[in-house]
Amino acid sequence: MARRGKGLSFYRRRKKISSALIREVFSWVFGILAAIFIASVVVFFFGMTTKVVGVSMEPTLYSGQKIFVDRFRYVLSSPKKGDVVVFLPNGNENAHYYVKRVVATPGDHLIIRDGTLFVNGIESEWVTEYIADPGIAFNELTLGNGEYFCVGDNPANSEDSRSANIGPVKDSDIIGKAWFRTKCEEQGMGFIK
């Protein structure tokens with residue numbers, strides 16, 4: 001008697017997909033979708049992106065460079081000297097976002113004399129370039145409660161708090177702190193100092 005099963009067989013066993021593998025795939029898909037959702041919610045409610053307009057912040061930031069703005073930080077604290085902030089001048093919703101560095105905070109006395117910014121009688125560590133146009137800081141200013149004096153890192157090409165049409169920036173006009181920049185031709189991505 002001949003045994004069946006030997007010889008050619010065109011029947012192949014189907015491979016079974018285990019339920020453990022299916023659970024693993026679904027857990028990865030769910031994890032990725034949950035991470036995307038959480039990141040989107042965090043950016044929508046607590047952050048935003050904007051582009052730098054002009055050369056006023058060079059060499060820290062370049063025109064057209066995209067930056068991420070932390071809108072939540074100043075709900076819990078106040079801007080500090082050296083922070084790069086994003087604001088709307090005088091709360092003007094129709095203006096583009098200004099990106100400048102805070103050089104003086106509420107209660108500070110400041111003056112620009114002989115091209116140098118002095119804050120509370122001491123030369124500012126944040127503005128080291130010669131300032132040809134002192135603007136409203138030609139005479140000593142004392143910042144009121146909730147007022148910040150903001151200047152671009154490239155003061156020769158910056159419209160900032162020295163301009164009469166901008167002046168000291170009110171804390172209510174500050175959108176948030178610029179904290180991360182995207183890559184541009186001149187520099188890589190990274191946190192803003």
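Let's start with Tyr98: at a relative accessible area of 10%, Tyr98 is buried (buried means under 20%, exposed over 50%, partly exposed in between, with a 1.4 Å probe and protein chains only). This is a predicted model, where local features need pLDDT of at least 70, side-chain atom pairs count only at pLDDT 80 or more, and totals for chains, interfaces and linings use all residues. Residues are numbered from 1 along each chain as its sequence is written, and side-chain values use heavy atoms, leaving out hydrogens and water.

The whole structure holds 4 aromatic pairs; rings of Phe, Tyr and Trp (its six-membered ring) pair if their centres lie within 6.5 Å, and planes under 30 degrees apart count as stacked, over 60 as edge-to-face and the rest as tilted. Take Phe68 and Trp179: their planes sit at 50 degrees with centres 6.4 Å apart, so the pair is tilted. Phe68 is in strand S2 and Trp179 in strand S11, so this pair ties together parts 111 residues apart in sequence. (Strands are DSSP runs of E, at least two residues, numbered from the N terminus.) Phe68, Trp179 and Phe180 are linked by ring pairs into a cluster.

Now for the backbone. Most residues other than glycine have a negative phi, and most peptide bonds are trans. Asp114, though, has a positive phi near 55 degrees; look for Asp114 in the loop between strands S5 and S6, where it counts as exposed at 70% relative accessibility. Asn120 also has a positive phi, about 55 degrees, and is partly exposed at 37%. Finally, the peptide bond from Glu58 to Pro59 is cis, with Pro59 in the loop between strands S1 and S2.

How values were computed: Helix = DSSP H or I, 4+ residues; strand = E, 2+ residues; numbered from the N terminus.
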